[in-house]
Number of protein chains: 2
Amino acid sequence: MTHLHILSADEEIYRAMLAKENLPDLIIDDQLGESCEIILGEPSRIHDKIADLPNLRWIQSTWAGVEPLLNPALRRDYKLTNARGIFGELMSEYVFAYLLAHERRIFARAEAQKNKIWDGSLTGTIRGKTIGLIGVGTIGAEMARTAKFFGLTVRGYTRQSEDCPDVDHYYHGEELLEFANELDYLVNVAPNTKETRKIIGADLLAALPARAVLINVGRGPAVDESALLQALNEKKIASAVLDVFEKEPLPTEHPFWTTPNLTMTYHTSGPSFPSKFIQIFIENYRLYKEDKPLKYQINFERGY
Amino acid sequence: MTHLHILSADEEIYRAMLAKENLPDLIIDDQLGESCEIILGEPSRIHDKIADLPNLRWIQSTWAGVEPLLNPALRRDYKLTNARGIFGELMSEYVFAYLLAHERRIFARAEAQKNKIWDGSLTGTIRGKTIGLIGVGTIGAEMARTAKFFGLTVRGYTRQSEDCPDVDHYYHGEELLEFANELDYLVNVAPNTKETRKIIGADLLAALPARAVLINVGRGPAVDESALLQALNEKKIASAVLDVFEKEPLPTEHPFWTTPNLTMTYHTSGPSFPSKFIQIFIENYRLYKEDKPLKYQINFERGY
């Protein structure tokens, strides 16, 4: 029998779903112990519990981000898989919700309503604008697809991949500032790696035009927070929408809470709906039992 | 020579654009007089100036809506054409801006930021929802196309046409309440006709589920304002986004300004950008000079 333990805020939901599926040989253990072969759950709940599990062979993360398990001090003698393919559509909705809100001035129009002012000022449009994506994996590719649907030009900044048909121009390595030049929207969707840490810093922000909107749905450490604060306070860019932060929840005393033209969304851009996620686990469990390569396996060195 | 007079808020822009085009035989008159054969402009600026023009043959409206010229007391011995095909993309952006804002709770999240509350509550999605369009002309068709892109089911309520491939189910005539049943979003894009006047009334609103969002980008008279007020105050529907009103600008004392869950946008959903509009006039002018049928001609009886 194959022993699974669940370490998730949605444990009860996953238990109920898996009970219905009747997966072959699967036993869900209430306690985490010697027999445990598979763990399913959130990396933040798992990372400090894996040292003494002799039979651990696979951890399936319910999240895309697996940073807590990438700490070099932790063991790496098991297969780590993350959740992919289920966030792209939701995160793309998020990005376009905020880009459309920006162009259609929906906060300003709501303010006008409070003041009973008939604000017939001309609206903007996302059509014809240029969006730049830092990171074009499955999530970035869905954003690129949506951007093309709405008539935008799409730039992609990637380590080396150039395989998304909806990206019009690719940039790599030292072409970061060229990539930023004349962008209307800059969206970070990259995982947290050495290369992306503080990639959104003073240089990149200075290379953007004053009309630019920054959206960070990737990882908090990608943003140099003090450089961004300065850029917003000095109106070097138009606005920023941040879903992720260096430290979460963001401390109450952090200046982001009250920075003008900074919108915060509390790590909600890509919720992990259990009903979508469980399909990944089921598919991977079948592959696991057949001793085949698992989907979405993480390379510990590369970090994604 | 063919004499044109311009009656538009954007007269200077149109003059400059037409000067560049050098259209054959065209003279733009500064004054409106006997020689005037064509008028280009906003119906609200035109309707009270056409009685004494012996040579008037064609009016090209810069708007989609031509109600001021449909008054039965006015002459109808000329060709009336409106602007079409240039509003669909912008108005579709508007509709999806507000639907995404609703699902992603962007006003609530902004409020949380003011109060420094880390609001990690789960987000919604437009994917999988059902949208109903009253009116599926060129504008409605673009909304249907966008809805399919985002994975929605699309219903269309039309007089008789069924020619949009992105509509999953069509409804006509007395099927209005069936059309409304279990709709997540109801969007009115219909022109103002006898049939659409107060179509969004107590019966239709009662047939919608409590989660429904109403968006009116068609014409103000389509909404029975007191029925909508009651539905919102009694929470029979979730919210309404209104771009058009029975009377515009909306009088300051109108209860809509302060009705909960009612968002107003001051007739800005489909701005008429002169650079887009002028292409319609240029094409129609060429057809006019060749004595061919004009594009987008209005049927005075039908009203669109």
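Analyst: First, the ground rules. This is a predicted model, in which local features need pLDDT of at least 70, side-chain atom pairs count only at pLDDT 80 or more, and totals for chains, interfaces and linings use all residues. Residues are numbered from 1 along each chain as its sequence is written, while chains are lettered from A and ligands numbered from 1 in the order in which they are written.

Now the residue. Contact here means that the C-beta atoms, placed from the backbone, lie within 7 Å.

Next, the strand. β6 of chain A covers residues 130–134. Four of its five residues are buried. A residue is buried if 20 or more other C-beta atoms lie within 10 Å of its own, exposed if 12 or fewer, and partly exposed in between; these C-beta atoms are also placed from the backbone. Helices (H or I, at least four residues) and strands (E, at least two) are DSSP runs, numbered from the N terminus.

β6(A) pairs with β7 (residues 153–157) of chain A. The sense is parallel, over five bridges. Pairing requires that DSSP finds at least two bridges between the strands. One bridge links A:I134 with A:Y157 in β7(A).

Then the core. The largest nonpolar core has 169 residues. Such a core is a set of buried Ala, Val, Leu, Ile, Met, Phe, Trp, Tyr and Cys residues joined through C-beta atoms within 7 Å. A:V95, A:L133, A:V187, B:V95, B:L133 and B:V187 touch the most other members.

The list of core residues names both chains, so the next stop is where they meet. There, 35 residues of chain A are in contact with 35 residues of chain B. On the chain A side, the elements that give two or more residues are α3 (88–103), α4 (106–114) and β12 (262–264). α3(A) gives the largest share, eight residues. By class, this side has 19 nonpolar, nine polar and seven charged residues. Ala, Val, Leu, Ile, Met, Phe, Trp, Tyr, Cys and Pro count as nonpolar, Asp, Glu, Lys and Arg as charged, and the others, Gly among them, as polar.

How do the copies relate? Chain A can be laid on chain B with an RMSD of 0.1 Å, by a turn of 180° and a shift of 0.1 Å along the axis. That is the relation of a two-fold axis. Of the residues of chain A, A:A97 comes closest to the rotation axis, at 2.9 Å (C-alpha). The copies meet through the same surface, because 100% of the interface residues of chain A are also interface residues in chain B.

Last, confidence. Chain A averages a pLDDT of 95, and 100% of the residues score at least 70. pLDDT is the predictor's confidence in each residue, from 0 to 100. The model scores ipTM 0.84 and pTM 0.85.

Key:
Contact = placed C-beta atoms within 7 Å. Least-squares fit on C-alpha atoms with pLDDT ≥ 70 in both.
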